[in-house]
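Welcome! Please take a moment to look over the sequence and the 3D view before reading on.

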Amino acid sequence: MQEKTLNGKITEREYQHICENMKCYTEIRNNLLTFTFTAVITFIGFTFTSEIEIDPIVYLLPYVVLIPFTGRMSYYRKWNAHMDVFLEVYAAEMYIYTEFGNKVKITYNRKDKILDWLVNYELGILAFVLMLLFYYKYPKQVPCFTYIDWIWVVIPPICTLFVFALIKSVYDYDEIKRTYMKEYTSIKNNLMRDTGNMADYE
């Protein structure tokens, strides 16, 4: 395919570069997800079966992994929506998802929505399980609660809510795309108008 100039479009080389980045970010996200699940579930298994008295700060260590990794994976999801829209606007002739995605409308029933929620909030569920584990194990180690113990008690729900908030911020993929679509369509219209190629664009 012959390369095109940036006349409201991108070249094939630029298109391939963006697609490679999208693929790379998807692989990184999947690797982070696998690592997070492995690390947290291993921790849960060890602490749940262990009879050793564990310092409360140890129960919070998984959040040190869970929160930043959730943030990074949420960023990748938003970035992917960003590039998805960019290709739909500036590479419509090359981007296969534009052609077929606009024709096939996916409808969700109740089961699909539940499945969609479980897939997207899986790290939030992990954070919730960690919180339950803390409340199950920690009180058994404390004969009498002090004000420091109460501080420890409120940290897990705060961390868990933060994980859920990060996921919720990018949960509605279509809404993110609509926002970018409006911006990029406006930019492209201005570009075509400024270069005198509006007729070609339309």
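Predicted model: local features only at pLDDT ≥ 70, side-chain atom pairs only at ≥ 80, totals over all residues.

Residues are numbered from 1 along each chain as its sequence is written, and side-chain values use heavy atoms, with hydrogens and water left out.

Let us start with helix α6, residues 147-168 (helices are DSSP runs of H or I, at least four residues, numbered from the N terminus). Its 22 residues should span 32 Å at 1.5 Å a residue, and the end C-alpha atoms are 32 Å apart, which agrees; the expected span is 1.5 Å times one less than the number of residues.

Buried means under 20% relative accessible area, exposed over 50%, and partly exposed in between, with a 1.4 Å probe and protein chains only.

| Class in α6 | Residues |
|---|---|
| Buried | D149, V153, P156, C159, T160, V163, L166, I167 |
| Exposed, on the other side | Y147, W150, I158, L161, K168 |

The buried residues of α6 pack against α2 (56-90), α4 (110-120) and α5 (122-141).

Next come the nonpolar cores, which are sets of buried Ala, Val, Leu, Ile, Met, Phe, Trp, Tyr and Cys residues joined through side-chain atoms within 4.5 Å. The largest has 22 residues, and I67 and V163 are among those with the most contacts inside it. Apart from this core lies another, of 19 residues, including Y15 and A81.

Q16 counts as partly exposed because its relative accessibility is 36%.

Key: Helix = DSSP H or I, 4+ residues; strand = E, 2+ residues; numbered from the N terminus. Contact = heavy atoms within 4.5 Å.
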